[in-house]
Amino acid sequence: MAEYYSSFESGGWGWFLQRITAVVLIGTLAFHFFLLHFVNHAAEITLAGTQARMSQVGYFLTMIVFLVTATFHGVNGVYNALLNQGISGTQKRVAKFGLSLAGLLLIVQGVRVAIAMAGISL
Amino acid sequence: MAQTYDRGAVEDVGRWREFSAGMWAWVLHKFTGWVLVGYLFTHIAVLSTAIGADPAAAPQDLYTTTLVGLEDLLVVRLLEVGLLAVAVFHMLNGIRLLFIDLGLGLERQDQSFYASLIITGAIAVASVPTFLAGV
C-alpha cells in the first residue's frame with residue numbers, strides 16, 4: 001500500500017471539473033433536499049409557493065448553478081463510467097457527442113422551467 | 001511519491017465475492033450515480049409542467065395537481081426515501097473520495113466507507129416519518 005497517495009496528477013479538465021462540481025453539489029443538493037422535503041414538504045408544494053421562492057434572485061441563481069453543475073457532474077460521470085467499460089474510437093465519439101447534446105438540452109429545458117417558475121414571461 | 005495499486009478489474013462483476021470494501025464503494029458510487037442522473041432528467045421532465053401552468057387556476061393548475069397527484073402515491077413516497085438514501089451515500093462517499101484524492105485518509109478508506117454506509121442508513125431510517133407523513 002502506498003504511504004502517500006494522490007491522483008491529482010492523473011487528470012485533465014474533465015477530471016478537475018468533476019471534483020469542483022462535486023464540492024458545489026454537496027452544498028446545493030443538501031440545501032435542495034432539506035428545503036423541499038424537511039422545511040417545505042414535497043406534498044405541500046404549490047405553484048404559488050414555487051413562484052415565491054424562484055422570484056428571489058439569490059434562490060433563482062442558486063438553482064441555475066445547481067442545474068448546470070448537476071448536469072455536468074451527472075453526464076460527465078456517465079461518460080467516465082463508459083470509458084471505464086473500455087469504449088474507444090467511434091463509440092467514444094458517439095458517447096461524447098450524445099451525452100453533450102443530452103446535457104445541453106437538459107440545461108436549456110431546466111432554464112425554461114426556472115424562468116416559468118419565476119413567473120417571468122419572455 | 002504516488003504508487004499504483006492493482007485492484008484488478010472491478011468492471012468484471014463476476015469476481016464480486018473477492019471485492020474489498022473499496023471496490024464495493026466504487027460499485028455503489030457508480031450505481032447511485034446512475035440513479036441520480038436518471039432522476040435528474042425525470043425531475044426536470046416532471047417540473048416542466050410549470051411551463052404554461054396558469055396561476056389563475058391555482059390550486060388546480062397543472063404543476064400543483066401533478067405534484068400533489070404523485071405525492072398521493074405511497075410508492076412515490078417510498079421511492080423518495082430511496083432517493084434520499086442514494087443521494088446521501090453518493091455525497092458521503094464523494095466526500096470520502098475527495099479526501100482520498102487530496103491524499104488524506106487512504107489508510108482508513110475501508111472504515112470511512114463503512115461509516116458512509118452506517119450514516120446513510122441512519123439518515124434514511126430517520127427520514128421515513130417525514131416522507132410518509134399524510135399519505
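This is a predicted model: local features need pLDDT of at least 70, side-chain atom pairs count only at pLDDT 80 or more; totals for chains, interfaces and linings use all residues.
The crossing in which H1(A) passes H3(A) is left-handed.

It is worth looking at the residues behind this crossing. On the H1(A) side, the contact is made by A:Gly14, A:Leu17, A:Gln18, A:Thr21, A:Ala22, A:Val24, A:Leu25, A:Thr28 and A:His32. Their counterparts in H3(A) are A:Thr62, A:Val65, A:Phe66, A:Thr69, A:Ala70, A:Phe72, A:His73, A:Asn76 and A:Gly77. Sorted by class, the contact of H1(A) with H3(A) comprises 8 nonpolar and 10 polar residues, with no charged residues.

Turning to chain B, the secondary structure consists of 4 helices and 0 strands, and the elements follow one another from the N terminus as α-α-α-α. The radius of gyration of chain B is 20 Å, whereas a compact globule of 135 residues would have a value near 14 Å. Taken along the principal axes, the box filled by the C-alpha atoms of chain B is roughly 65 × 30 × 30 Å.

How much of chain B counts as buried? The share is 23% of its 135 residues. As for contacts in chain B between residues at least 6 apart in sequence, 62% join residues at least 24 apart.

Note on methods: Residues are numbered from 1 along each chain as its sequence is written. Chains are lettered from A and ligands numbered from 1 in the order in which they are written. A crossing is left-handed if the near helix is turned anticlockwise from the far one by less than a right angle, and right-handed if clockwise. Helices (H or I, at least four residues) and strands (E, at least two) are DSSP runs, numbered from the N terminus. Two residues are in contact if their C-beta atoms, placed from the backbone, lie within 7 Å. Ala, Val, Leu, Ile, Met, Phe, Trp, Tyr, Cys and Pro count as nonpolar, Asp, Glu, Lys and Arg as charged, and the others, Gly among them, as polar. The radius of gyration is taken over C-alpha atoms; the globule rule is 2.2 Å times the number of residues to the power 0.38. A residue is buried if 20 or more other C-beta atoms lie within 10 Å of its own, exposed if 12 or fewer, and partly exposed in between; C-beta atoms are placed from the backbone.
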